[in-house]
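Have a look at the sequence and the model first.

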Amino acid sequence: MSKRSWALVAATLVSIIYGVTFTIAKDVMPKYVDAFGFIVMRVGGSVLLFWLISFFGPKEKIDKQDFSRIIAAAFFGVALNMLTFFKGLSYTSPIMGAVLMVTTPMIVLVLSAFIIKERMENRKVLGIILGLAGTITLILYGKSMANATNASLGNVLVFINAVSYAFYLIIVKKLMDKYNAFTFVKWIYTFGFLMVLPFGWNEFQAIDFAHLPTDIFWKIGFVVVFSTFLTYLLNLISMRELKPTTVAVFIYLQPLFATVFAVSLGKDDLSLVKLISAVLIFVGVYLVTQKKVTSDK
């Protein structure tokens, strides 16, 4: 299997994990753990894991001038990204959160065109539009907003998260071209942890660990190990071979996999609309991920 194929597999696995995370994180927040307290656990646990595996990875020294980019990646990819997403998700519904998250590929496409001069090919634009149409249809059809406590504020925060993540994908691409992922990801999360700690320390201290149900512990562990640690590694692997726009379009698959997960648990059912939406999403992802013979990636 080629490096590009492995990168596409990694991006797909990220979408599957994130698709499940919407429901799992919502089960934890805000009933058992407030959003910012959850982030302290999520980022803090990931910092320990990243530093642990870094001892087994390649040894590279980071140039001093690159630490400014690492700090920027920590701000947009960890601190602002997670703080706005988790707080927004605690206010709005998982469905609306997913709707707003799929604006990220559009934002990345525009930012990439201005910042790194990536060409806005007609094929990619069409793929993004088809994926967006399929995703919005999928996550809006037959859903309820009953579990949204402050939808307006939550939606604004999730949209800020989408913009933040778009900036992160572009910023971290330069680091990927220069270093191995194990070299700098531990620093991104270390700086990110220092940024989120002031916001979440009080909420973290307020967690009643002694009375948390066992299944909530497992769900917290899933978010730390799989939704954070593993997905960020997989994302970095995919970004070594793929453009930021290509990586971002896989966000369209998240609500699709979330629906498959819900159907498998008997919490949702299949319909013609959902099947048509799935086709639009896969066609959109296919168009964006197809590599031109004359292009680099």
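In which helix is Trp6 found? Trp6 is found in helix H1, residues 3–28. Before going further, some ground rules. This is a predicted model, with pLDDT of at least 70 needed for local features and 80 or more for side-chain atom pairs, while totals for chains, interfaces and linings use all residues. Numbering starts from 1 along each chain as its sequence is written, and side-chain values use heavy atoms, leaving out hydrogens and water.

**Overall picture**

The protein chain has 12 helices and 0 strands (DSSP runs numbered from the N terminus: H or I of at least four residues for helices, E of at least two for strands). Of its 297 residues, 53% are buried; buried means under 20% relative accessible area, exposed over 50%, and partly exposed in between, with a 1.4 Å probe and protein chains only. Among contacts with a separation of 6 or more, 91% join residues 24 or more positions apart (contact means heavy atoms within 4.5 Å). The chain exposes about 13600 Å², and carbon and sulfur atoms supply 70% of that (Shrake-Rupley areas with a 1.4 Å probe; for residues, only the protein chains shown count as cover).

Back to Trp6: at 52% relative accessible area, this residue is exposed. Trp6 belongs to a nonpolar surface patch with Met1, Val9, Leu13 and Ile16, about 500 Å² of accessible area together. Patch members have over 30% relative accessible area and no salt bridge, with nonpolar side chains (Val, Leu, Ile, Met, Phe, Trp, Tyr) joined within 5 Å and like charges within 9 Å.

**Rings**

The whole structure holds 15 aromatic pairs (ring centres of Phe, Tyr and Trp, using its six-membered ring, within 6.5 Å; planes under 30 degrees apart are stacked, over 60 edge-to-face, the rest tilted). Phe50 and Phe229 are a tilted pair, because their centres are 4.9 Å apart and their planes at 50°. That pair links helix H2 (residues 35–54) to helix H9 (residues 214–241), 179 residues apart. Phe50 is buried at 1% relative accessibility, and Phe229 is buried at 13%. Both also sit in one aromatic cluster with Tyr165, Tyr168, Tyr189 and Tyr232.

Phe67 and Trp187 go edge-to-face, 5.7 Å centre to centre with 80° between the planes.

**Salt bridges**

There are 5 salt bridges (a side-chain nitrogen of Lys or Arg within 4 Å of a carboxyl oxygen of Asp or Glu). Three of them:

| Pair | N to O distance |
|---|---|
| Asp63 and Lys178 | 2.8 Å |
| Glu203 and Lys87 | 3.7 Å |
| Asp215 and Lys219 | 3.8 Å |

Glu203 lies in helix H8 and Lys87 in helix H3, so their bridge ties together parts 116 residues apart in sequence. Glu203 is buried at 18% relative accessible area, as is Lys87 at 17%.

Asp215 and Lys219 both lie in helix H9, 4 residues apart, about one turn of the helix. Asp27 joins them in a network of salt bridges. Lys219 also touches Ile24 and Val28, among others.

Key. Lists of a residue's contacts leave out its neighbours within four places in sequence.
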